[in-house]
Amino acid sequence: MLGSDPTIATLENHDSLLKPAIMLAALFNEPPNFYVFIGFSLFCGTSIFLWVSRLPKAPVLAPRPWGLNISWVDFGLFLSTCFLGVLLAQICLSLIYKALEPDEFAKAILATIGMQGAILVSILILRNRYPKLFGESLSRPDGVRAINTIPFSISAFIKFLPLLWIVTLLANIFLYKIGINPEQQKLVEMMREAAQQRPIQFAGLAFGAIILAPLAEETLFRGYIYRFLRAKSSQSNAALFSSLLFALIHFNLTSFAPLFLLSLLLTWTYEKTGNLLTPILFHAIFNAHTVGLILISPILPEPNF
């Protein structure tokens with residue numbers, strides 16, 4: 001009953017906020033925590049302002065060919081090297097697991113470091129071994145300076161995050177309607193458990209999600225896959241196909257739609273600024289937001305569907 005919920009007692013001291021909070025609670029099993037509701041309202045208000053004001057303002061980059069101009073054979077070499085690097089990392093990890101017999105949390109941390117690290121090391125090897133093919137800068141010469149990618153990434157994240165929330169909500173509702181129970185990614189579930197009982201393991205998982213994953217995935221998907229497809233096709237086709245691959249590679253039906261949209265947004269920031277650091281920062285902030293939601297999940301209301 002709403003009348004017996006202690007959150008209501010808190011909200012009753014703020015009459016002007018009571019009704020909208022309870023209206024928002026129609027989507028949930030109980031009204032949201034007062035401070036969560038205030039933070040959520042301020043965040044959404046800032047997002048609306050950014051939409052209305054058409055911020056962030058991106059620099060005007062001169063029209064120019066921009067892509068990875070290599071052959072399909074060389075691109076196949078690139079992908080094969082990354083795949084072999086990941087496969088070698090998996091073999092090494094399996095030997096470590098047999099020798100040390102780590103628990104599931106340690107395995108998840110080692111797997112994150114191993115997989116993402118293997119991608120980065122493979123790319124570095126290719127860049128050094130074949131500089132004419134893979135060694136060029138992943139940012140445009142006329143792209144924004146690194147320092148300017150920070151405010152652009154933050155403002156773009158605030159602007160588009162509510163859109164990602166809506167897509168996630170609609171995707172979950174759709175899956176429920178067709179009889180599929182949406183499931184979180186296994187790593188997210190492990191982080192949720194580690195946040196309550198294992199702070200050191202949680203820190204390791206958070207490091208992989210916030211630092212390693214954005215570096216490896218954006219270098220691979222935006223810096224190479226998207227730029228190669230952009231050189232071979234139109235900008236829109238390259239964005240769509242690389243985003244489809246980005247969503248599929250996470251192997252989770254529940255997160256497919258939001259990850260597809262996230263990838264399109266990451267590509268948009270890359271195009272607008274011409275600097276790979278922009279999607280890396282956006283991706284890192286998004287993952288940090290997910291980690292933050294895991295930390296405050298005990299005070300978040302459960303969905304009412």
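**Fold, core and salt bridges**

The model is predicted, and its secondary structure comes to twelve helices and zero strands. The C-alpha trace spans about 70 × 55 × 40 Å along its principal axes. A compact globule of 305 residues would have a radius of gyration near 19 Å, and the 22 Å of this chain agrees with that. Of the contacts between residues at least 6 apart in sequence, 76% join residues at least 24 apart.

Buried residues make up 41% of the 305 residues. In soluble globular proteins, nonpolar side chains tend to be buried together. Here the largest nonpolar core has 45 residues, and Phe78, Ile123, Leu164, Leu220, Tyr224 and Leu262 touch the most other members. The elements that give two or more residues to this core include helix 4, helix 5 (104-129), helix 7 (146-177) and helix 12 (277-295). Helix 9 gives the most, with eight residues. Leaving aside residues up to four places away in sequence, Leu220 touches Phe78, Cys82, Ile119, Ile123 and Ile225. Another core lies apart from this one; it has twelve residues, among them Ile109, Val188, Met190 and Ala194.

The structure also holds six salt bridges. In one of them, Asp103 pairs with Arg198, with the closest N and O atoms 3.2 Å apart. Asp103 lies in the loop between helix 4 and helix 5 and Arg198 in the loop between helix 8 (186-197) and helix 9, so this pair ties together parts that are 95 residues apart in sequence. Both partners are partly exposed: Asp103 has a relative accessible area of 33%, and Arg198 has 27%.

Arg230 and Glu271 form another salt bridge, at 2.4 Å from N to O. This pair links helix 9 with helix 11 across 41 residues. Arg230 counts as buried because its relative accessibility is 18%, and Glu271 is buried at 13%. A further salt bridge joins Asp142 and Arg140 at 2.8 Å, N to O. In that pair Arg140 is buried, at 9% relative accessibility, whereas Asp142 is partly exposed at 29%.

Phe83, Leu84, Leu87, Ile91 and Leu95 form a nonpolar patch on the surface, with about 500 Å² of accessible area together. Ile91 lies in helix 4 (residues 72-100) and is partly exposed, with a relative accessible area of 45%.

Notes
Residues numbered from 1 in each chain as written. Predicted model: local features only at pLDDT ≥ 70, side-chain atom pairs only at ≥ 80, totals over all residues. Heavy atoms only, no water. Patch = residues over 30% accessible without salt bridge, like charges linked within 9 Å, V, L, I, M, F, W, Y side chains within 5 Å. Areas by Shrake-Rupley, 256 points an atom, 1.4 Å probe, with all protein chains shown as cover. Salt bridge = Lys/Arg side-chain N within 4 Å of Asp/Glu carboxyl O. Helix = DSSP H or I, 4+ residues; strand = E, 2+ residues; numbered from the N terminus. Buried < 20%, exposed > 50% of the residue type's maximum accessible area, 1.4 Å probe, protein only. Rg over C-alpha atoms; globule rule 2.2 N^0.38 Å. Contact = heavy atoms within 4.5 Å. Core = buried A, V, L, I, M, F, W, Y, C linked by side-chain atoms within 4.5 Å.
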